[in-house]
Amino acid sequence: MATEVRIPTIMRNLTDGAKAVEGSGSTLGELIDDLDSRHPGLGAKLVDGGKLRRFVNVYLNDEDVRFLGGIEAPVADGDTVTVLPAVAGGMR
Amino acid sequence: MLRINREIRDRIVAHARRDHPDEACGIVAGPLGSDRPERFVEMANAERSPTFYRFDSLEQLKVWREMDDRDEEPVVIYHSHTATEAYPSRTDISYASEPNAHYVLVSTRDPEAGPDAIEFRSFRILDGEVAEEPVEVVDAY
């Protein structure tokens with residue numbers, strides 16, 4: 001059993017073009033480490049200095065993981081994790 | 001080049017005007033690979049700021065899932081600048097994350113400008129490089 005992770009277009013160069021990959025771990029951080037071991041570079045796109053990058057949104061099922069404990073958020077088999085780059089900017 | 005329906009162009013401009021002095025933002029979805037902006041989706045600016053915008057994360061998830069279900073992609077990602085020109089800022093360039101999108105910038109700094117005179121410009125942003133492109137406003141695709 002595993003957790004499905006949906007990958008945005010801009011990161012699919014790290015997953016051989018795959019829209020979704022599978023990984024395992026009991027927390028989001030462990031899951032990301034597991035993914036990074038098979039898709040090197042993916043971890044650094046999501047995490048910086050032990051925290052989720054500010055301009056990447058990571059969702060566990062329908063929730064923003066920032067409200068669930070960030071990389072400490074517990075994940076379970078059958079969960080779906082979705083990664084979307086934040087859409088942001090502005091004149092400054 | 002960005003080809004965009006006049007009605008959708010006018011809705012983007014109207015949204016930018018309505019939210020002024022805050023920055024307005026949204027997308028226009030279209031069928032995957034079509035490069036045709038068809039479905040206008042106004043987004044909330046979670047920052048509610050005159051100098052910054054960010055899509056609300058949960059609204060973004062909902063809208064991105066809808067696009068997935070409909071085999072669409074964000075053909076246009078738009079936002080407004082409220083006091084500066086309609087040109088991508090350093091912030092815009094560093095956060096641009098949809099390589100296939102036309103990044104549309106509208107400036108609402110001139111409150112008198114009508115829909116055809118308002119600054120409405122389109123850019124491709126890829127790996128930190130900005131390329132402006134012509135905008136063709138059409139009555140139908």
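Helix 2 of chain B lies across strand 2, strand 3 and strand 5 of chain B and runs at about 145° to strand 5 of chain B, where axes are lines fitted to C-alpha atoms, for helices over the stretch in contact, and angles run from 0 to 180 degrees between N-to-C directions. Two residues are taken to be in contact if their C-beta atoms, placed from the backbone, lie within 7 Å, and helices (H or I, at least four residues) and strands (E, at least two) are DSSP runs numbered from the N terminus.

The model is predicted, so that local features need pLDDT of at least 70 and side-chain atom pairs count only at pLDDT 80 or more, while totals for chains, interfaces and linings use all residues. Residues are numbered from 1 along each chain as its sequence is written, and chains are lettered from A and ligands numbered from 1 in the order in which they are written.

Chain B holds 3 helices and 9 strands, which follow one another from the N terminus as β-α-β-β-β-α-β-α-β-β-β-β. Within chain B, 6 strands form an open sheet of mixed pairing in the order 3-2-5-6-7-8, two strands being paired if DSSP finds at least two bridges between them. Because strand 3 (39-43) and strand 8 (129-133) of chain B stand at the edges with a single partner strand each, one side of each is left without a neighbour in the sheet. Neighbouring strands of this sheet are turned by 30° against each other on average, direction ignored.

Helix 1 (residues 6-19) of chain B also packs on the sheet, touching strand 2 (25-31), strand 3, strand 5, strand 6 and strand 7 (119-126) of chain B, and its direction makes about 50° with that of strand 6 of chain B.

| Strands | Sense | Bridges | Residues facing each other |
|---|---|---|---|
| Strand 8 (residues 88-89) of chain A and strand 4 of chain B | antiparallel | 2 bridges | A:Ala88 and B:Arg54 |

The contact between the chains takes 24 residues from chain B and 16 residues from chain A. On the side of chain B that touches chain A, strand 4 (53-54), helix 2 (57-69), strand 5 (72-81) and helix 3 (90-95) of chain B each supply at least two residues, and the largest share, 5 residues, comes from helix 2 of chain B.
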